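Thank you all for coming.

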Amino acid sequence: MNATVGIPSSIKAEHEEIHGELVLATRLGGPVGEAARALAAVLHPHFVREEQIALPPLGLIAPLARGEHDPDMAQVLALTDSLRAELPAMLEEHVAIAVATRKLGEVARVADNHDVARLAEKLLLHARSEEEVFYPAALLVGELVRSRLEMTSATAR
Ligand SMILES: [Fe+2]
Ligand SMILES: [Fe+2]
């Protein structure tokens with residue numbers, strides 16, 4: 001795949017930070033560890049899938065905004081078409097993730113574990129960023145790439 005189709009490093013770093021902190025929390029004992037393991041079970045497959053289809057298209061935002069064209073950009077359409085099809089399921093996963101995250105936040109506050117309580121806040125905000133910005137932006141990348149391809153093939157005729 002073209003080098004520009006890839007998860008932007010800032011978003012990759014955010015995912016890795018959340019994932020790493022959650023892994024640490026799953027190793028804790030008591031209700032905090034238990035809630036962290038329940039969250040990890042719903043979050044992990046979701047993170048994997050979004051790193052496959054939802055986040056790599058965002059790597060094309062900057063080159064597209066600079067007006068760059070590249071026939072290899074068409075490779076992103078397989079990802080954005082999958083995202084379009086899977087979006088309802090991914091949003092449902094966010095609901096389950098939010099329930100498990102709020103639970104983790106509650107038990108962390110009760111246990112005075114501020115780090116884990118902050119992790120829960122960070123994850124809720126991350127999911128909202130995805131719903132409000134990242135997922136729609138990825139879909140727009142697909143639409144823009146498709147319409148530019150159609151324009152190029154129309155002018156080539
Ligand atoms: Fe995510
Ligand atoms: Fe997500």
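I would like to begin with the iron ion (ligand 1), whose arrangement is irregular because its four donor atoms subtend angles of 80 to 170 degrees. As for geometry, four donors are called tetrahedral if all angles lie between 85 and 135 degrees, while four count as square planar and six as octahedral if opposite donors are over 155 degrees apart and all others between 65 and 115, and anything else is irregular.

Before going further, a word on what we are looking at: this is a predicted model, in which local features need pLDDT of at least 70 and side-chain atom pairs count only at pLDDT 80 or more, whereas totals for chains, interfaces and linings use all residues. Residues are numbered from 1 along each chain as its sequence is written, chains are lettered from A and ligands numbered from 1 in the order in which they are written, and side-chain values use heavy atoms, with hydrogens and water left out.

Which residues, then, coordinate the iron ion (ligand 1)? They are His-15 and His-126, each through NE2, and Glu-50 and Glu-130, each through OE, at 1.8 to 2.2 Å. Along the sequence these donor residues follow the spacing H-x34-E-x75-H-x3-E. The pair of His-15, in helix α1 (residues 9-26), and His-126, in helix α5 (residues 114-156), links distant parts of the chain, 111 residues apart.

Since Glu-50 lies in helix α2 and Glu-130 in helix α5, the pair ties together parts that are 80 residues apart in sequence. Glu-50 is buried, with a relative accessible area of 0%, and Glu-130 counts as buried at 1% relative accessibility.

His-94 lies in helix α4 and is buried at 4% relative accessibility. If we leave aside neighbours within four places in sequence, His-94 is in contact (heavy atoms within 4.5 Å) with several residues, including His-46, Glu-50 and Glu-130.

Phe-47, which is found in helix α2, counts as buried at 5% relative accessibility. With the neighbours within four places again set aside, Phe-47 is in contact with His-15, Ile-18, His-19 and His-126. Phe-47 and His-15 are 32 residues apart in sequence, and 7.9 Å apart in space from C-alpha to C-alpha.

How do the helices themselves pack? The axes of α1 and helix α2 (residues 30-54) come within 8 Å and cross at roughly 150 degrees. That makes α1 roughly antiparallel to α2, since angles under 35 degrees count as roughly parallel, over 145 as roughly antiparallel, 65 to 115 as roughly perpendicular and the rest as oblique. The axes are lines fitted to C-alpha atoms, for helices over the stretch in contact, with angles running from 0 to 180 degrees between N-to-C directions. α2 and α4 pack at an angle of about 165 degrees, with their axes 9 Å apart, and they are therefore roughly antiparallel to each other.

Let me finish with two single residues. Thr-101, in helix α4, counts as buried at 0% relative accessibility, and, not counting residues up to four places away in sequence, Thr-101 touches Leu-39, Ala-120, Leu-123 and Leu-124. Asp-112, by contrast, is found in the loop between α4 (76-110) and α5 and counts as exposed at 55% relative accessibility. Most residues other than glycine have a negative phi. Phi of Asp-112, however, is near 60 degrees, a positive value in a residue other than glycine.

Definitions and conventions:
Donors are N, O and S atoms within 2.8 Å of the metal (3.2 Å for Na, K and Ca); water is not among the atoms, so sites may look incomplete. Helices (H or I, at least four residues) and strands (E, at least two) are DSSP runs, numbered from the N terminus. Buried means under 20% relative accessible area, exposed over 50%, partly exposed in between (1.4 Å probe, protein chains only).
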